[in-house]
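Q: Could you walk me through this one? I'm new to it, so please spell out the terms as we go.

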Amino acid sequence: MTRALLLIDIQLDYFPGGAFPLVGPEPAAAAARTVLDAFRAAGEPVVHVFHVAAEDDATFFVAGTPGVAFHPDVEPVAGETVLEKHEPNSFIGTGLHERLTADGVTDLVVVGMMSSMCVDSTTRAAAELGYTVMVVADACAAPDLTLGDVTVPGATVHAAFMAALDGSFATVVPSSVLLAA
C-alpha cells in the first residue's frame, strides 16, 4: 500500500473576500494543513490540484486573478505534484490517475473544497478507479446551496455529502482520527 494526500481546490476564491466564499473555509484549511504537515513529515506523496475555469463567463477561478492562487496554509513546496484542472473531477484531463499509478499509489486521503462538487466528484471517481479513499471531513468545506425558494446551509450541505460518501465511496473521518492512526 502506498498512500498519497490529494488536496483539492483550496484556493483564495473560496475564502472571505474571494469571488465565491464557502461556509467555514478557514478551519477547513487549518485542518488540511495539519494533514499536509503529517504527510510531509512522513515523506508520503502529496498532490495539489487547483481549478482554473474554462468557461468564458466564469465568475470565480478565472485565469490570471488572485482567486486562483492556493491558500497560504496549503501552498505547494518543491517536489510536490501540482496539477491544473478544468472539471470538478480531478482525474479528467490532468494525468492524475497516471501519476498516481506510476508512483504505486493505492490509497488516497482527500481534503479540499467544495465538499458538494469537486471533493464529491473526485472521491467517487477515485473509488471507481479502484483506489481506497479516505476523506478528512473537517478539512473540507461547502457553500450554502439554493434550490427554488429553499436554501440549505453550508454545514448541512457538507454533512450530507460526507454522509453520502462514507461507507460507499470512502471512509470519512475527522483529522484527529487520521492523525492518531
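This is a predicted model: local features need pLDDT of at least 70, side-chain atom pairs count only at pLDDT 80 or more; totals for chains, interfaces and linings use all residues.

Q: Which side chain does D37 meet in a salt bridge?
A: The partner is R33, with 2.7 Å from N to O; a salt bridge here is a side-chain nitrogen of Lys or Arg within 4 Å of a carboxyl oxygen of Asp or Glu. R33 is itself partly exposed, with a relative accessible area of 30%.

Q: Where do D37 and R33 lie?
A: Both lie in helix 1, four residues apart, which is about one turn of the helix. Helices (H or I, at least four residues) and strands (E, at least two) are DSSP runs, numbered from the N terminus. An α-helix has 3.6 residues a turn, so residues three or four places apart point the same way.

Q: How many salt bridges does a search of the whole structure find?
A: The search finds six. Among them, E80 pairs with R40, their closest N and O atoms being 2.6 Å apart. E80 lies in the loop between strand 2 and strand 3 while R40 is in helix 1, so this pair ties together parts that are 40 residues apart in sequence. E80 counts as buried at 14% relative accessibility, whereas R40, at 25%, counts as partly exposed.

Q: And what do the side chains of R99 and D103 do?
A: They also meet in a salt bridge, at 3.3 Å from N to O. R99 counts as partly exposed at 37% relative accessibility, and D103 is partly exposed too, with a relative accessible area of 39%.

Q: Changing topic, at what angle do helix 3 and helix 4 pack?
A: Helix 3 (residues 115-128) and helix 4 (residues 154-165) pack at about 10 degrees, with their axes 10 Å apart. Axes are lines fitted to C-alpha atoms, for helices over the stretch in contact, and angles run from 0 to 180 degrees between N-to-C directions. The two helices are therefore roughly parallel to each other, a label for angles under 35 degrees, with over 145 being roughly antiparallel, 65 to 115 roughly perpendicular and the rest oblique.

Q: Which residues make that contact?
A: Helix 3 contributes S115, S116, V119, D120, T123 and R124, and helix 4 contributes V157, H158, F161, M162, A164 and L165, with contact meaning heavy atoms within 4.5 Å. The buried residues of helix 3 include V119, D120 and T123.

Q: What sort of peptide bond joins M113 and M114?
A: It is a cis peptide bond, with omega at about -10 degrees. M114 is placed in the loop between strand 4 (107-113) and helix 3.

Q: What is phi of D9 near?
A: Phi of D9 is near 55 degrees, a positive value in a residue other than glycine. D9 sits in the loop between strand 1 (3-8) and helix 1 (25-42), and D9 is buried, with a relative accessible area of 0%.

Technical notes. Residues are numbered from 1 along each chain as its sequence is written. Side-chain values use heavy atoms; hydrogens and water are left out. Buried means under 20% relative accessible area, exposed over 50%, partly exposed in between (1.4 Å probe, protein chains only).
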